[in-house]
Amino acid sequence: MLSILLLMLSISLATFVLQIRNQLDQHLESNIKPFDMVIGAKGSSLQLILSSVLHIDNPTGNISLEEAMRIAKNPMVKEMIPVSYGDNYKGIRILGTTNKYLNTYEASLQEGSLFEKPFEVVIGSGVAKKLDLQIGDTFISSHGLAENVLETHNENPFIITGILKPTNTIIDHLIITNLESVWEVHEHDNEHHHHEEEHVDEHSDHKDEYEKEREITSLLVKFRNPLGALQMSRFINDETTMQAALPKFEIERLMGFLGVGFQTINGISVAILLVAGLSIFINLIKTVRERKQELALLLTYGVNTFQLIKLVFLEALFLSLLGSIAGWFLGRISIWFFSIFTEDLYGYHFVFSLPTNKELLILILVILTTLLAAILVSLSLFKLNVSKTISHA
Amino acid sequence: MIRTTSLRFTYQNTKNHTFCFPDIDLPPEKDILILGPSGVGKTTLLHLLAGLLPPKTGDIFIANSCLNKLTRSQLDYFRGQHIGLIFQKAYFIKSLTLLENLTLRERCSKKKSDRYRKEELIMHLGLSDLQNKKVYQLSEGQQQRLSIALGVIHKPKVILADEPTSNLDDSNCIKVISLLKREAQICKSNLVIITHDQRVKSHFNNHIIL
């Protein structure tokens with residue numbers, strides 16, 4: 001019994017780690033694939049990628065839309081998409097961008113229509129489900145990227161005009177609107193502050209000022225040629241006040257950091273697997289010893305030694321298969337629970353997937369180990385002295 | 001038919017002591033009682049006859065086969081087919097019921113399952129009500145009767161019983177002897193009983209004393 005539990009535990013741990021790593025890779029891959037380079041404010045390049053592409057960290061700061069566009073106006077650039085944010089609704093980020101953003105992720109509408117005017121938003125399928133929102137619903141955003149009730153932008157409620165189909169990318173967990181909405185929310189904010197400070201209406205002047213100095217959080221760039229990203233990022237990092245980061249490179253770096261953790265867990269599961277193998281071996285020896293009399297009895301019934309060995313093998317295989325399969329299911333169930341947790345926090349959800357090649361390899365290893373144990377145990381059956389076993393009860 | 005010639009046996013750990021057994025020549029369907037004090041090798045002789053131990057010298061013929069010329073797996077097969085062993089202490093597969101134990105014994109002999117024989121045997125042994133009980137739930141007397149059933153269910157040519165009455169009271173002792181005699185008659189087999197139980201002696205004419 002203990003050996004089955006140990007086997008179950010190690011298999012579930014190993015498959016869990018393998019699956020999480022696989023699916024995390026796939027998620028990151030599909031989320032960063034559309035973009036070759038991100039231009040943003042100076043700071044940590046990893047942070048820039050996490051915030052602008054994966055939407056999990058805080059942005060490094062703002063950059064001037066005009067300056068970014070000027071630099072990105074280059075024949076090597078295939079497409080550039082400005083993104084801007086700074087508000088959230090119940091913890092979900094409101095991303096100001098253009099329709100092109102939706103196209104890059106191949107997102108299409110489940111129902112409703114795209115945003116046209118400021119303060120119209122489309123929401124990802126995950127958001128609709130989580131917050132139970134429908135088309136026509138309005139909401140008030142709060143300032144910053146974390147949920148809070150203190151700083152709300154009461155004057156400008158957002159209205160939902162469309163809900164997107166599930167894309168299995170980060171889009172499912174975003175509220176998307178146009179850039180103007182984000183600008184206007186904060187423009188009004190600034191107006192308020194100015195009113196309070198100066199008590200003078202300088203509305204028209206302000207407007208001109210903001211037309212000139214539109215700010216965005218970052219510019220997502222896609223190149224015609226991957227080499228372009230290298231050239232341009234070097235130029236931006238050396239010659240401007242902005243920074244350029246390459247998502248692919250940064251994510252590889254991130255997975256490098258995480259790899260240590262994954263490897264540790266893998267190491268633990270291998271250790272448990274070894275203990276499980278040993279335990280199956282001891283278990284088999286114990287069963288054969290405990291049932292020595294019954295095995296001897298079967299020999300007097302005319303069953304031959306090879307049939308007894310077959311019995312031992314069947315039992316061993318049954319134990320290891322049962323343990324492996326139960327462990328595999330336990331691993332998948334853990335992923336399901338883990339998924340509920342991560343979906344809530346990071347918008348990452350993990351799916352139930354069929355056994356992978358690596359998992360089949362683990363199963364084969366387990367079975368080979370079991371067979372080895374069964375062979376070692378079987379050797380003692382050849383030496384079983386029926387006469388002695390039966391007469392010395 | 002059982003015939004042995006100049007049978008000798010030595011246990012590996014007691015190299016200096018060799019058991020020498022008198023020759024046995026038993027025509028088909030005859031009974032024989034092997035008597036003697038403990039330690040003279042009664043059980044050893046029985047195990048030699050069952051093919052569980054190889055003799056050092058001499059030959060054993062049972063039903064025209066020479067046991068010591070058979071290979072290991074041939075011997076296993078022969079034992080399953082033609083030999084019924086009844087042990088001093090009852091052995092079973094503990095996780096199975098009474099009926100399952102009998103069915104297992106029948107299957108191991110690779111003979112056709114005979115439901116009528118099984119039912120008749122169980123009834124005659126007075127175990128009908130217990131056939132779906134696990135064997136460890138049976139009393140000692142019931143276990144001993146089951147052990148006889150296991151020894152004869154497959155209609156062996158030779159029934160070998162090792163002290164079948166040593167743990168039984170007088171009435172059970174007589175019951176067991178008559179059961180064994182009856183089954184030997186039905187199966188048309190040789191009945192070989194080893195015992196030091198004086199109660200058994202009067203029921204058999206043919207004796208060998210070791």
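1. A helix axis is here a line fitted to C-alpha atoms over the stretch in contact, and the angle between two helices runs from 0 to 180 degrees between their N-to-C directions. In this predicted model, helix α9 (residues 247–290) of chain A packs against helix α12 (residues 357–382) of chain A at an angle of about 25°, and their axes are 9 Å apart. Because angles under 35 degrees count as roughly parallel, α9(A) is described as roughly parallel to α12(A). The crossing of the two helices is right-handed.

2. The residues that form this contact deserve attention. From α9(A) come Gly277(A), Ile280(A), Phe281(A), Leu284(A), Ile285(A) and Val288(A). From α12(A) come Thr369(A), Thr370(A), Ala373(A), Ala374(A), Leu376(A), Val377(A), Ser380(A) and Leu381(A). Sorted by class, the contact of α9(A) with α12(A) has 10 nonpolar residues, four polar and no charged.

3. The UniProt record, an unreviewed entry, places the feature "transmembrane region" at residues 265–285, 316–340 and 360–382 of chain A. Two of these spans may be compared with the model. Residues 316–340 of chain A are 100% helix and 0% strand, with the end C-alpha atoms 36 Å apart. Residues 360–382 of chain A are likewise 100% helix and 0% strand, and the end C-alpha atoms of that span lie 33 Å apart.

4. The contact between the chains involves 15 residues from chain A and 19 residues from chain B. On the side of chain A that touches chain B, α10 and α13 (386–391) of chain A each supply at least two residues. The most comes from α10(A), which gives six residues. By class, this side of chain A comprises eight nonpolar, six polar and one charged residues.

5. The chain averages a pLDDT of 80, and 89% of its residues score at least 70. Confidence is highest in helix α10 (residues 292–300) of chain A, at a mean of 87, and lowest in helix α7 (residues 203–212) of chain A, at 47. Over residues 193–211 of chain A the pLDDT is below 50, and this stretch has four contacts in the model beyond near neighbours in sequence. Where pLDDT is low, the predicted coordinates should not be read in detail.

6. For chain B, the mean pLDDT is 87, and 99% of the residues reach 70 or more. Among its elements, strand β8 (residues 158–162) of chain B has the highest mean pLDDT (92) and helix α7 (residues 198–201) of chain B the lowest (86). The model scores ipTM 0.87 and pTM 0.69.

Definitions and conventions. Residues numbered from 1 in each chain as written. Chains lettered and ligands numbered in written order. Predicted model: local features only at pLDDT ≥ 70, side-chain atom pairs only at ≥ 80, totals over all residues. UniProt positions renumbered as here; feature names shortened; annotations may be inferred. Helix = DSSP H or I, 4+ residues; strand = E, 2+ residues; numbered from the N terminus. pLDDT = per-residue confidence, 0-100. Contact = placed C-beta atoms within 7 Å. Parallel < 35°, antiparallel > 145°, perpendicular 65-115°, else oblique. Left-handed = near helix turned anticlockwise from the far one by under 90°. Nonpolar A, V, L, I, M, F, W, Y, C, P; charged D, E, K, R; others polar.
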